[in-house]
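Look over the sequence and the model shown here. The questions that follow take up a few features in turn.

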Amino acid sequence: MAEKKDSVPPEYDVNAKWDACLDLTVRRFVYSSLGGAFAGLLSFRSPVTRWASIALGAGIGIGSAYSDCSRAFDSPSSSSANLAAPKNNITETSPVSQAADE
């Protein structure tokens, strides 16, 4: 028996929210760690302080991802739209483009 995927409204689709949060967390963790490594490489000579700057960057990345994900789970679908992939749907046309069409 096949399940219908459209049966769950987007605001209650927990699997999509978890997927988006996991993706966001991994990306922010990696990018912040790389930023911390680069800053530590430029700023510090001791390996201990370089590792500390990497850990600080990783903590900042995880913390920012946690705050965004907690907002996505606490509020309805309006916040989870920030975590989802951007859509390219244009619903309105500007007056300038309408004038050019005429």
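Q: Which helix gives the most to the nonpolar patch?
A: This is a predicted model, in which local features need pLDDT of at least 70, side-chain atom pairs count only at pLDDT 80 or more, and totals for chains, interfaces and linings use all residues. Residues are numbered from 1 along each chain as its sequence is written, and side-chain values use heavy atoms, with hydrogens and water left out. Helices are DSSP runs of H or I with at least four residues, numbered from the N terminus. With 6 residues, the most is given by helix 1.

Q: How much accessible area does the nonpolar patch have together?
A: A patch of this kind joins nonpolar side chains (Val, Leu, Ile, Met, Phe, Trp, Tyr) within 5 Å, from residues with over 30% relative accessible area and no salt bridge; a salt bridge is a side-chain nitrogen of Lys or Arg within 4 Å of a carboxyl oxygen of Asp or Glu. Areas come from the Shrake-Rupley method with a 1.4 Å probe. The patch is formed on the surface by Leu 22, Val 26, Phe 29, Val 30, Tyr 31, Leu 34 and Ile 62, and its accessible area together is about 680 Å².

Q: Is Ser 33 buried or exposed?
A: Buried means under 20% relative accessible area, exposed over 50%, and partly exposed in between. Ser 33 lies in helix 1. Because its relative accessible area is 13%, Ser 33 counts as buried.

Q: What is the angle between the planes of Trp 18 and Phe 73?
A: The structure holds 1 aromatic pair. Rings of Phe, Tyr and Trp (its six-membered ring) pair if their centres lie within 6.5 Å; planes under 30 degrees apart count as stacked, over 60 as edge-to-face and the rest as tilted. Trp 18 and Phe 73 are 5.1 Å apart centre to centre and count as tilted, with an angle between the planes of 50°.

Q: How many residues apart are Trp 18 and Phe 73?
A: Trp 18 is in helix 1 (residues 14–43) and Phe 73 in helix 2 (residues 47–74). The pair links distant parts of the chain, and the separation is 55 residues.

Key:
Helices (H or I, at least four residues) and strands (E, at least two) are DSSP runs, numbered from the N terminus. Patches are made of residues with over 30% relative accessible area and no salt bridge: like charges are joined within 9 Å, nonpolar side chains (Val, Leu, Ile, Met, Phe, Trp, Tyr) within 5 Å. Buried means under 20% relative accessible area, exposed over 50%, partly exposed in between (1.4 Å probe, protein chains only).
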